[in-house]
Every structure is written in structure tokens, then in C-alpha cells.
Amino acid sequence: MPVKNPLSDKVQSLKPSGIRKFFDLVEEMPDAISLGVGEPDFDTPWNIREAGIHALNSGKTFYTANSGIKPLRKAISDYTKRKCSLSYDPDREIVVTVGGSEAIDIALRAVINPGDEVIYIEPCYVSYMPCIVLAGGEPVAIKVLEKNEFRLTPGELRAAITDKTKAIILPYPSNPTGAVMGEADLETIKDILIENDIIVISDEIYSELTYGEKHVSIASLEGMRERTVVINGFSKTFAMTGWRVGYATGPELILGQMLKIHQYAIMCAPTVSQYAAIEALENSDGETEKMRLEYDRRRRYLLSAFSEMGLPCFEPLGAFYTFPNISKFGLSSEDFATGFLKSQKVAVIPGTAFGESGEGFVRICYAYSIKELREAMNRMGKFISSL
């Protein structure tokens with residue numbers, strides 16, 4: 001006898017990732033160029049791999065403390081102090097997670113009660129809205145504008161706040177737009193967040209990949225540390241996507257509850273990855289800088305190529321994405337991306353994969369070689385000429 005209602009209504013209401021659709025299509029085209037997946041094309045630096053190999057050879061294959069091994073938490077504390085002028089207690093204010101994505105999930109679940117509103121900035125990383133829903137919150141999107149370089153303005157923030165607003169997810173540097181918010185930008189919204197007693201979940205996974213001013217964490221501003229959970233990790237900065245290790249830092253009051261969820265759902269992050277992560281934080285600044293400079297070279301190449309073909313694109317100053325505006329061609333983002341893939345065998349992601357406000361844009365990732373980018377831009381030029 002079949003089960004009458006085996007599925008959660010909440011889960012069924014969520015749409016699959018719009019990125020996955022194009023990833024699957026590319027899998028069926030062996031000669032296609034994919035500019036869709038947000039993953040570094042660099043191998044994990046050798047010194048980090050060696051640390052992981054040594055940990056494995058040394059038998060470091062057992063469970064660790066739920067919050068992560070103490071040397072890694074100490075290394076994270078030292079790193080955030082050195083990079084962001086933020087001091088966190090390794091014993092009470094740091095949790096090592098399975099990538100930054102888990103940290104976002106458990107941060108939301110730790111602070112949200114059913115019906116609480118959570119503001120998120122759109123276009124945005126595909127996990128934010130689903131994680132809010134799964135935590136029992138009510139998602140409230142602020143659709144930031146290209147004319148403002150996709151930054152959050154004080155007016156937009158004030159208009160979105162109600163008496164039910166509990167938290168906000170800040171996504172800077174941004175996936176998919178490449179937008180950043182500097183210290184001056186963050187100062188314009190800081191007092192609004194404090195006045196309305198709003199918790200901030202600051203996703204700073206791309207903090208080391210900026211191409212202008214150095215990244216500033218909102219948690220470093222006066223009055224913000226005690227209400228901010230900072231999400232970070234190793235996937236983007238150190239090309240460690242498959243190692244699945246990230247972390248959250250923040251006030252003990254919130255981090256203690258996040259640890260409780262992590263204990264029951266995950267136990268601990270991969271042990272070998274944790275030992276490799278220590279090496280990443282302590283001895284890999286030079287490797288990160290090499291990657292950042294190469295990303296910057298690719299970024300500048302794409303902007304130049306877009307200009308030559310008459311494709312409008314604001315200058316992204318963070319992450320490794322461009323978000324060109326394709327609205328003048330009279331096609332939806334989905335139709336543009338699908339047509340480009342079918343006719344020229346190049347995959348880009350429609351802006352609508354990152355929310356309704358992404359209509360009229362496509363995301364192009366430049367975590368690919370210059371050779372691949374040049375060929376992709378040649379093909380894009382042909383496709384645009386055919387429209």
C-alpha cells in the first residue's frame with residue numbers, strides 16, 4: 001500500500017537550483033566550454049595538500065571535537081585578527097563546519113523562530129532563500145540595482161524592515177554580481193541594523209578576492225561584532241572546494257546554539273581537511289595572492305571583451321564573476337543562455353537562477369583559463385552578432 005503523504009510540503013515547495021540545469025546540459029556536450037560553475041580552476045596549493053597527506057599518513061582519521069580541532073580554531077582566530085582586526089575566542093566563538101554552506105544553514109536555524117522575517121539581497125547565492133525557508137523563516141528579498149553597482153542602500157534596507165524582521169544575510173563580495181561594499185558603504189547601513197536590533201549573517205567567503213580596496217568585515221565596525229555571525233571558508237581563497245571545510249565566527253550566545261545543531265547533524269568537519277586548513281591559514285598567503293592576481297587578469301580581459309562587443313557590464317570588484325546585462329537583445333536570461341549553449345556550445349548561467357531580479361543578466365565565471373575565456377568570448381561575439 002503506497003504511503004499517502006511521504007514528503008514535506010516545505011521541501012516540495014523549493015525549486016531545484018537553476019545552476020544545476022545548465023551543468024547537466026553541459027555534461028551531455030563533451031566539447032562545450034562551461035563558464036557556469038563557481039569553482040577555482042587551480043589545484044589546491046601543494047603545501048596544503050602535503051599537510052593533508054601528512055595528517056592521513058599520521059593516522060589523523062578519527063572524529064574531532066565538534067567545534068573542530070583546537071589548533072585550527074586557534075589558526076582561524078589568528079587569521080581573522082590579522083586580516084580583519086577581529087578577535088574571537090577559539091573555545092567559544094568559532095565553529096568549524098562542512099564548508100561555508102553548512103555555516104549559513106546552522107546560523108539561520110540557530111536564530112530564527114517560525115514566522116521571523118529574514119532579509120536577503122537579490123540577485124544572490126542560490127542557497128540563501130531555501131535555507132531561510134527550511135529554518136522556518138519568511139524570506140524578504142531586497143532587489144539591488146545595477147545603477148547602484150548592486151550595493152545595498154540605506155533606503156532599500158529601511159523599506160524592507162518590519163516589526164517581524166529578525167536577521168539579514170549580507171553577501172559581499174557577491175555571487176553572482178561581483179559587487180562589493182566598502183567600509184563607507186557598510187557605515188551607511190550599520191546604524192539602521194543596530195536601531196532595529198537585526199542580526200547579521202555576513203557571508204564573506206570571497207573576502208580575499210577583491211580588486212580594489214581591501215575587504216572590510218561589517219563585524220569590525222563599532223557595535224556590530226555582538227550581532228554579527230561571519231561566514232567564511234577555504235573553498236575560494238585556497239582552492240579547496242572538495243575538502244569541504246569552512247567556519248563561522250561570532251558571539252558565544254549564537255555560536256553555542258550553532259554548535260548544538262552541528263553536533264546533532266554533522267558531528268565534525270572532515271579530520272584530514274582540518275589539518276590541511278591550518279597550513280592554508282598559516283602559510284599560504286602567497287599562493288592566495290598569485291590566484292587573486294590571475295583572477296584579476298581574467299576579470300580585466302572579460303571587461304575589455306564585453307566592451308569590444310558592445311555588451312554592457314558594470315565593473316565587479318570582488319569574487320570571480322561578471323554579470324553582464326543582456327536585456328538589449330530582447331531575450332530572457334534563460335533564452336539567451338540556452339541559445340548561446342545550443343548554438344555556440346558555451347554555458348553561462350541565466351541571471352534568474354539567482355532570483356527574479358537577475359532577469360536581463362547572465363553570470364559568467366572567470367575561474368577558467370585565459371585560453372578558454374578567449375575562445376568563449378569569440379563564440380559569444382558570434383552569437384551576439386546573430387541576434
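Trainee: What covers the buried residues of α9?

Mentor: In this predicted model, the cover includes β2 (94–97), α5 (99–111), β6 (199–203), β7 (228–233) and β8. The residues being covered are Ile254, Leu255, Met258, Ile261 and His262.

Trainee: How do you know that the buried residues of α9 line one face of the helix?

Mentor: Look down the axis of α9: the buried residues fall within an arc of 120°, so they share one face of the helix. On the other side of α9 you will find Leu253 and Tyr264, which are exposed.

Trainee: What makes the reach of α9 close to the expected one?

Mentor: Helix α9 (residues 252–265) has 14 residues, and from its first C-alpha to its last it reaches 20 Å. At 1.5 Å a residue, the expected value is 20 Å. After α9 comes methionine 267, with a positive phi near 85°.

Trainee: Let's turn to β8. Why is threonine 249 called buried?

Mentor: Buried means under 20% relative accessible area, and threonine 249 has 1%, so the word applies. Threonine 249 sits in strand β8 (residues 246–249). Beyond its neighbours within four places in sequence, its contacts include Leu255, Tyr88, Glu93 and Ile94.

Trainee: Now for the rings. Why is the pair of tyrosine 125 and tyrosine 128 called edge-to-face?

Mentor: Two checks settle that. Ring centres must lie within 6.5 Å to pair, and planes over 60 degrees apart count as edge-to-face. Tyrosine 125 and tyrosine 128 are 5.5 Å apart centre to centre, with 80° between the planes, so both conditions hold. By this rule the count comes to 17 aromatic pairs.

Trainee: Are these two tyrosines buried or partly exposed?

Mentor: One of each: tyrosine 125 is partly exposed at 24% relative accessible area, while tyrosine 128 is buried at 2%.

Trainee: How do you know that arginine 374 lies over the face of tyrosine 301?

Mentor: The distance part of the rule asks for CZ of Arg within 6 Å of the ring centre, and arginine 374 is at 4.8 Å from that of tyrosine 301. The rule also asks for a position within 35 degrees of the ring normal.

Trainee: Finally, what makes both faces of strand β12 covered?

Mentor: In β12 (residues 362–365), Val362 and Ile364 are buried on one side, and Arg363 and Cys365 are buried on the other.

Trainee: Which strands pair with β12?

Mentor: Strand β9 (residues 321–322) pairs with β12 in the antiparallel sense over two bridges, and tyrosine 321 has cysteine 365 as its bridge partner. Strand β11 (residues 349–350) also pairs with β12 in the antiparallel sense over two bridges; there, proline 350 stands opposite valine 362.

Note on methods
Residues are numbered from 1 along each chain as its sequence is written. This is a predicted model: local features need pLDDT of at least 70, side-chain atom pairs count only at pLDDT 80 or more; totals for chains, interfaces and linings use all residues. Side-chain values use heavy atoms; hydrogens and water are left out. Rings of Phe, Tyr and Trp (its six-membered ring) pair if their centres lie within 6.5 Å; planes under 30 degrees apart count as stacked, over 60 as edge-to-face and the rest as tilted. Buried means under 20% relative accessible area, exposed over 50%, partly exposed in between (1.4 Å probe, protein chains only). Helices (H or I, at least four residues) and strands (E, at least two) are DSSP runs, numbered from the N terminus. Two strands pair if DSSP finds at least two bridges between them. Contact means heavy atoms within 4.5 Å. The expected span of a helix is 1.5 Å times one less than its number of residues. The arc is that of the directions from the helix axis to the C-beta atoms.
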